Amino acid sequence: MDAMQYCNRVNRQLVGFKAGIYDILEKMEGLNESEKSVFAAPVKDLKGVVAELDAGLAALKNACPADWSPEKAAIDAGMEKLSETLLQLAAKIKVTVPDTTSWV
């Protein structure tokens, strides 16, 4: 798999994760302020990880280095963190997150 194929695959998964975050934000709208405050920090963390992944993917697409294994390792670690955190938060707030593994 080359860097572009990898980026396209990860982008498809990231779209699903973003949809899950959106669903969580929608669900949070119906919560009272004290309930919202419980989920505010984890949601902020998720948005930060998404921003890092978006930046990493953009850099990888633009640079297209001969050895892109360090970038791949960083992106894979970020995707794993995003997936775990998103699934934990979704379970707490009772939201179903799309299974992005089937999107690759």
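This is a predicted model: local features need pLDDT of at least 70, side-chain atom pairs count only at pLDDT 80 or more; totals for chains, interfaces and linings use all residues.
Student: At what angle do H1 and H3 pack?

Tutor: H1 covers residues 3-29 and H3 covers residues 69-93, and their axes lie 11 Å apart. Angles under 35 degrees count as roughly parallel, and the angle at which H1 and H3 pack falls under that cut-off because it is about 25°.

Student: Which residues of H1 make the contact with H3, and how do the residues of the contact divide into nonpolar, polar and charged?

Tutor: H1 passes H3 in a left-handed crossing, and on the H3 side the contact includes Lys72, Ile75, Asp76, Met79 and Leu82. On the H1 side the residues are Tyr6, Val10, Gln13, Leu14, Phe17, Gly20, Ile21, Ile24, Lys27 and Met28. Taken over both helices, the residues of this contact divide into 14 nonpolar, three polar and three charged.

Student: Is H2 roughly parallel or roughly antiparallel to H3?

Tutor: H2 and H3 pack with their axes 10 Å apart, at an angle of about 155°. Since angles over 145 degrees count as roughly antiparallel, the arrangement of H2 relative to H3 is roughly antiparallel.

Student: How many nonpolar residues are there in the contact of H2 with H3?

Tutor: H2 passes H3 in a left-handed crossing, and the residues of H2 that meet H3 include Phe39, Leu46, Val49, Val50 and Leu53. Among the residues they meet in H3 are Ile75, Met79, Leu82, Leu86 and Leu89. Besides three polar and three charged residues, the number of nonpolar residues in this contact is 15.

Student: Are H1 and H2 roughly parallel or roughly antiparallel to each other?

Tutor: The axes of H1 and H2 come within 10 Å and cross at roughly 160°, in a crossing that is left-handed. The residues of their contact divide into 18 nonpolar, two polar and six charged. With a cut-off of 145 degrees for this class, H1 and H2 are therefore roughly antiparallel.

Student: In what order do the elements of the protein run from the N terminus on?

Tutor: The protein has three helices and zero strands, so every step in the order has to be written with the helix symbol. From the N terminus on, the order of elements is α-α-α.

Student: Leaving aside neighbours within four places in sequence, which residues is Leu82 in contact with?

Tutor: Beyond its neighbours in sequence, Leu82 is in contact with Leu14, Phe17, Ile21, Leu46, Val49, Val50 and Leu53.

Student: What is the phi of Lys94?

Tutor: Lys94 is found in the segment after H3, and this residue is exposed, with a relative accessible area of 68%. Most residues other than glycine have a negative phi. Lys94 is not a glycine, and yet its phi is positive, at about 65°.

Student: How far apart in space are Asn62 and Ala40, C-alpha to C-alpha?

Tutor: Asn62 is found in helix H2 and is exposed, with a relative accessible area of 68%. In sequence, Asn62 and Ala40 are 22 residues apart. In space, C-alpha to C-alpha, their separation is 33 Å.

Methods:
Residues are numbered from 1 along each chain as its sequence is written. Side-chain values use heavy atoms; hydrogens and water are left out. Axes are lines fitted to C-alpha atoms, for helices over the stretch in contact, and angles run from 0 to 180 degrees between N-to-C directions. Helices (H or I, at least four residues) and strands (E, at least two) are DSSP runs, numbered from the N terminus. A crossing is left-handed if the near helix is turned anticlockwise from the far one by less than a right angle, and right-handed if clockwise. Contact means heavy atoms within 4.5 Å. Ala, Val, Leu, Ile, Met, Phe, Trp, Tyr, Cys and Pro count as nonpolar, Asp, Glu, Lys and Arg as charged, and the others, Gly among them, as polar. Angles under 35 degrees count as roughly parallel, over 145 as roughly antiparallel, 65 to 115 as roughly perpendicular and the rest as oblique. Buried means under 20% relative accessible area, exposed over 50%, partly exposed in between (1.4 Å probe, protein chains only).
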